[in-house]
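Work through the exercises below with the sequence and the model at hand, and try each task before reading its solution.

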Amino acid sequence: MVSEVYAEDKRSQVAIAIQASFLLVIMLSSLLGNTLILLAIYRNHSLRSITSVFIANLAVADFLLALLGMPFTMASSITYHWVFGDIWCKINGMLNSIFCIASMLSLAAVSIDRYVAIIKPLQYPLIMTSRIALGMITYVWMHAITCAFLPIFGWSSYTYIYNESICTANWGENIPYTMFIFAFSFFAPLMVMTFCYFHILRAARKQSKKISPRVGELKEQTLQTMVAVPVAFGNEKGTQAVEDPPTAKEKAKEREAKEKFRRETRAAKTLLIVMGTFMFCWAPHFIGMTCLLFEKCRNSWPDEYFATTTWLAMLNSGCNPIIYGVMNKKFRQSFKDIVMCTKRTNRRYSQRELSSVS
């Protein structure tokens, strides 16, 4: 519950203005960016792939956090007190937990989708069906809601934390609950993302070794097929095969394969950005959560650290539209159409083009 004894605000007016301005920028960028993601998928039928379903789910979680959570955190960062009542503190804390956990789990769901698409491209349509996607999204929200409701039923409690200007679970009150949230809402998604992206990057590296600059060595195997089914060059005895001069058709296929590889390389770099952003935004916050379990750590770490980690966690909701939207050519074009009020397009992009969403 909200404490009746107000803590003293030792911040300067400049510090308050900077903090509030930073949170305002995060909130507005998250609202705008995630709205564009959802509008792009709604307007452009060609973007309605299984991958886009997971990205849309991520956008919904981030949008709701910006709409229902961030404004109250920003207001509290100015007043340094919770002025919205004890009941709304509990509700707001629960909503913050639901949307933050749903966002993290949605990132893990996206990584699973990309893992199957790149590592098992031939089986992808059979594995990642609409029913499976719906089941994964349902799990994401059930997991988030269950974790958020636990303090309501007595396992920990929701309270206003002054140095973070937010209503959230009292992480220092119940060690088992804090460790439970840490394990299943941060560490588990992190391990899933690490596993998926590690294997994707390893596959891309192996794939690059199969591409030779010599003309004519790349035949009809696509890059995705080569990831799933390793291709050996030369004959079985290890002698160098004698090749005929490449035809125009073979040269065209070679250029296409190299272009596909460049796209996969860009996608792999995007995955590193995804992991780096996730760790940059969320790891400090969970380190702070762990610190709150120990009185010596809780009393020795400055308030600025805890406030900054809260901002970073919320910043992830504004970064996701950039990573999954702006860095993708088709989403960028849809964003441009929306901003310029251009008539919606229903051009059917190829699966190759859509796969770059990763």
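**Exercise 1. How many salt bridges does the structure hold, and which residues form them?**

Step 1. The structure holds two salt bridges, where a salt bridge is a side-chain nitrogen of Lys or Arg within 4 Å of a carboxyl oxygen of Asp or Glu. This is a predicted model, in which local features need pLDDT of at least 70 and side-chain atom pairs count only at pLDDT 80 or more, whereas totals for chains, interfaces and linings use all residues. Residues are numbered from 1 along each chain as its sequence is written, and side-chain values use heavy atoms, with hydrogens and water left out.

Step 2. Asp86 and Lys90 are about one helical turn from each other, because they stand four residues apart in helix H4 (residues 86-119); helices (H or I, at least four residues) and strands (E, at least two) are DSSP runs, numbered from the N terminus.

Step 3. Asp86 is partly exposed at a relative accessible area of 30%, and Lys90 is partly exposed at 31%. For these classes, buried means under 20% relative accessible area, exposed means over 50%, and partly exposed lies in between (1.4 Å probe, protein chains only).

Step 4. Arg114 forms a salt bridge with Asp113, and their closest N and O atoms are 3.1 Å apart. Arg114 is buried, with a relative accessible area of 1%, and Asp113 is buried as well, with 0%. As a general point, side chains of opposite charge can pair when their charged atoms come close.

**Exercise 2. Is Leu107 buried or exposed, and which residues is Leu107 in contact with beyond its neighbours within four places in sequence?**

Step 1. Leu107 lies in helix H4 and counts as buried, at 1% relative accessibility.

Step 2. Leaving aside neighbours within four places in sequence, Leu107 is in contact (heavy atoms within 4.5 Å) with Leu58, Met193, Tyr197, Phe278, Asn316, Asn320 and Tyr324.

Step 3. Between Leu107 and Val274 there are 167 residues in sequence, yet their C-alpha atoms are 8.7 Å apart in space.

Step 4. Asn316 is also among the contacts of Thr277, together with Cys319 and Ile323, when neighbours within four places are left aside. Thr277 is found in helix H9 (residues 248-291) and counts as buried at 16% relative accessibility.

**Exercise 3. Describe how helices H2 and H3 meet.**

Step 1. The axes of H2 (residues 50-68) and H3 (residues 70-79) come within 4 Å and cross at roughly 40°; axes are lines fitted to C-alpha atoms, for helices over the stretch in contact, and angles run from 0 to 180 degrees between N-to-C directions.

Step 2. From H2, Leu65, Ala66, Leu67 and Leu68 meet Met70, Pro71 and Phe72 of H3. By class, this contact has seven nonpolar residues, no polar and no charged ones, where Ala, Val, Leu, Ile, Met, Phe, Trp, Tyr, Cys and Pro count as nonpolar, Asp, Glu, Lys and Arg as charged, and the others, Gly among them, as polar.

**Exercise 4. How many helices and strands does the protein chain have, and what percentage of its residues count as buried?**

Step 1. The secondary structure comes to 13 helices and two strands.

Step 2. Of the 358 residues of the protein chain, 50% count as buried.
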